Amino acid sequence: MKLIVEKICCIGAGYVGGPTMAMIAEKCPQIEINVVDINEYRISKWNDIDLNNLPIYEPGLKEIISKCRNKNLFFSTDVKKHISNADMVFISVNTPTKEKGVGAGQASDLKWIESCSRQIGEFAKGETIVVEKSTLPVRTAETIGSILKSFSDRDKKAKKDQKKFFILSNPEFLAEGTAIFDLENPDRVLIGGNNERAIDSLKKIYLNWVSEEKILTTDLWSSELSKLIANAFLAQRVSSINSISALCESTQANINEVAKAIGMDLRIGKHFLKSGPGFGGSCFKKDILNLIYICNHYGLKEVASYWEKVIQINEWQQKRITKIIVDRMFGNVAGKKISILGFSFKANTNDTRESPAINICSDLIEEGSYLSIYDPKVELQQIQIDLGMKPLDDNSWPNKNGGWQFAYSIKESVENSDAIVILSDWDDFFKLDLKSLINIMRNPSWIFDTRNTIDTKQAKAVGFNIWSLGDGSLI
Ligand code: UDX
Ligand code: ADP
């Protein structure tokens, strides 16, 4: 096995694979990196000359792509060729929650992991280090290992080129929207494995920009489990603070004041204490469901139901917000235009997976309101997929049965609306010109601010009725 890796292949050009490989390419110009994906459209977007068309949006990403692409970083659909040339193969494919069969709704669907393990088994040559990057249920490395072993055993029998595989777990802790910063300045890099030399090969790559004390090595299972638990703990903090946001609204306290006061206790810490419409993103819910599945599998029912509550509070928070909007607007939103600001699951990403906006918008449409949805980065087609319905055309807008349209600007979204609902924390929503917006709205004009982006005093002064999450002074 090569201690100094020369060629990397990364399977999966998504939110994890793309930025992670871009960072390695930038920091290690001596390594050739090929990112492969079966999705031709996605690869064509990674190769687009216009860097504004990259398939994912991350601050700082296009600068790195422009520097490294076609020098030591390549995007391709030729999975076979690049696996067979690689010393190290990263698995960065998707692992969504299973929709049917055993474990449906909780367990991860490992069909993509399995299919790419088979591809690695088939095409790899000689000694190959295989690195799990996707978040996976504990002991997935075992599954990958046994698939790979079946290929080396097959070739051994046929007296062909002897394949050998070394499996490592190297979970990614980057958050979307700050992926490049997180990759460049990780709190820690975790490498799990049982072969010292393979661990050292991967460690040597990170040492190009990460200091040694931040690189933690452990066994495979602890590494896999740590990733699930890190996400579960973060999600639990969000659900905890969101549960208290409701209590603040009932007791005239203010959630931001409470969060600040408790966060200054170093034992609690200030991060992940921002209340909002609920956590979204591809990982939190999926990982907790996975944790619940594992706990139930091992007969730990109480532990499973403890973590179930974190998800239930998250769903409750979204329902609670919709109910507040309807109640405040005199119990009826049918036929009313509502401006939705923000559709991504948080600021600085175009990702909408598990975005609270999906449930809140669907429920408001169900109530008969017509939504004008604006997001700085989410495209119309994505919203259509998420809401499962086409936008209304101009003739059927407004529509008593509810529906939505896409807005290309904040002004277009707000014009003639009865209410503004802020759902993601994009910078632009902290700087809204409330004075001019109220002039183009219908009366009475409402703001429902689920991200505390609006100065409530100023909003009241210009004439808005305002509800701001967790602010008990606004009764
Ligand atoms: C998360 C983990 O942070 C990351 O380590 C892991 O690799 C993947 O999952 P991500 O989903 O990109 O990252 O976003 P994150 O910033 O963690 O936010 C998750 C959700 O929680 C968002 O919907 C966000 O709005 C919400 N959130 C976060 C809050 O509501 N309040 C907070 O204080 C923090
Ligand atoms: P993540 O957020 O984990 O990066 P994404 O869904 O954004 O997840 O990306 C995963 C990518 O993996 C997708 O673009 C998908 O097409 C790709 N993929 C899944 N299975 C395979 C496979 N067997 N070979 C190549 N690419 C794959």
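This is a predicted model: local features need pLDDT of at least 70, side-chain atom pairs count only at pLDDT 80 or more; totals for chains, interfaces and linings use all residues.

Mentor: Pro-444 sits in the loop that connects helix H16 (434-439) with strand S13 (446-449).

Between helix H3 (61-68) and strand S3 (73-76) lies Asn-70, whose phi is near 65°, a positive value in a residue that is not glycine. Is Asn-70 buried or exposed? Its relative accessible area is 53%, and because the threshold for exposure is over 50%, Asn-70 counts as exposed. Gln-252, in the loop between H9 and helix H10 (255-263), likewise has a positive phi, of about 65°, without being a glycine. The relative accessibility of Gln-252 is 60%, and it therefore counts as exposed.

With four residues, H9 makes the largest contribution to the shell around ligand 1. That shell has 20 residues, and the closest are Phe-173, Leu-174, Glu-176, Lys-274 and Lys-346. Sorted by class, 11 of the shell residues are nonpolar, three are polar and six are charged. Backbone atoms also approach oxygen atoms of ligand 1. A backbone N or O atom of Glu-176 is 2.6 Å from one such oxygen, while for Phe-345 the corresponding distance is 3.1 Å and for Leu-273 it is 3.3 Å. The protein buries 89% of the 660 Å² that ligand 1 exposes when taken alone.

Ligand 2 has a shell of 17 residues, among which Tyr-15, Val-16, Asp-37, Arg-42 and Arg-353 come nearest. By class, this shell holds seven nonpolar, seven polar and three charged residues. Helix H5 (residues 111-123) gives the most to it, namely four residues. The contacts here involve both backbone and side chain. A backbone N or O atom of Val-16 lies 2.9 Å from an oxygen atom of ligand 2, and one of Ile-38 lies 3.3 Å from a nitrogen atom of the ligand. In Ser-115, by contrast, an N or O atom of the side chain is 3.2 Å from a nitrogen atom of ligand 2. Of the 580 Å² of accessible area that ligand 2 has on its own, the protein covers 91%.

Helix H1 (residues 17-27) is mostly covered, with nine of its 11 residues buried. Among these buried residues are Gly-17, Pro-19, Met-21 and Ile-24.

It remains to set these parts within the whole. The protein chain contains 17 helices and 14 strands. Its C-alpha trace spans about 80 × 50 × 45 Å along the principal axes. A compact globule of 475 residues would have a radius of gyration near 23 Å, so the 24 Å of the protein chain agrees with that expectation. Of those 475 residues, 53% count as buried. Among contacts between residues at least 6 apart in sequence, 73% join residues at least 24 apart. The accessible surface of the chain amounts to about 21700 Å², of which 51% belongs to carbon and sulfur atoms.

How values were computed: Residues are numbered from 1 along each chain as its sequence is written. Chains are lettered from A and ligands numbered from 1 in the order in which they are written. Side-chain values use heavy atoms; hydrogens and water are left out. A residue is near a molecule or strand if one of its heavy atoms lies within 4 Å of it. A polar contact is a pair of N or O atoms within 3.5 Å; within protein, one must be able to donate a hydrogen and the other to accept it, and residues adjacent in sequence count only if both atoms are side-chain atoms. Accessible areas come from the Shrake-Rupley method with a 1.4 Å probe; for residues, only the protein chains shown count as cover. Helices (H or I, at least four residues) and strands (E, at least two) are DSSP runs, numbered from the N terminus. Ala, Val, Leu, Ile, Met, Phe, Trp, Tyr, Cys and Pro count as nonpolar, Asp, Glu, Lys and Arg as charged, and the others, Gly among them, as polar. The radius of gyration is taken over C-alpha atoms; the globule rule is 2.2 Å times the number of residues to the power 0.38. Buried means under 20% relative accessible area, exposed over 50%, partly exposed in between (1.4 Å probe, protein chains only). Contact means heavy atoms within 4.5 Å.
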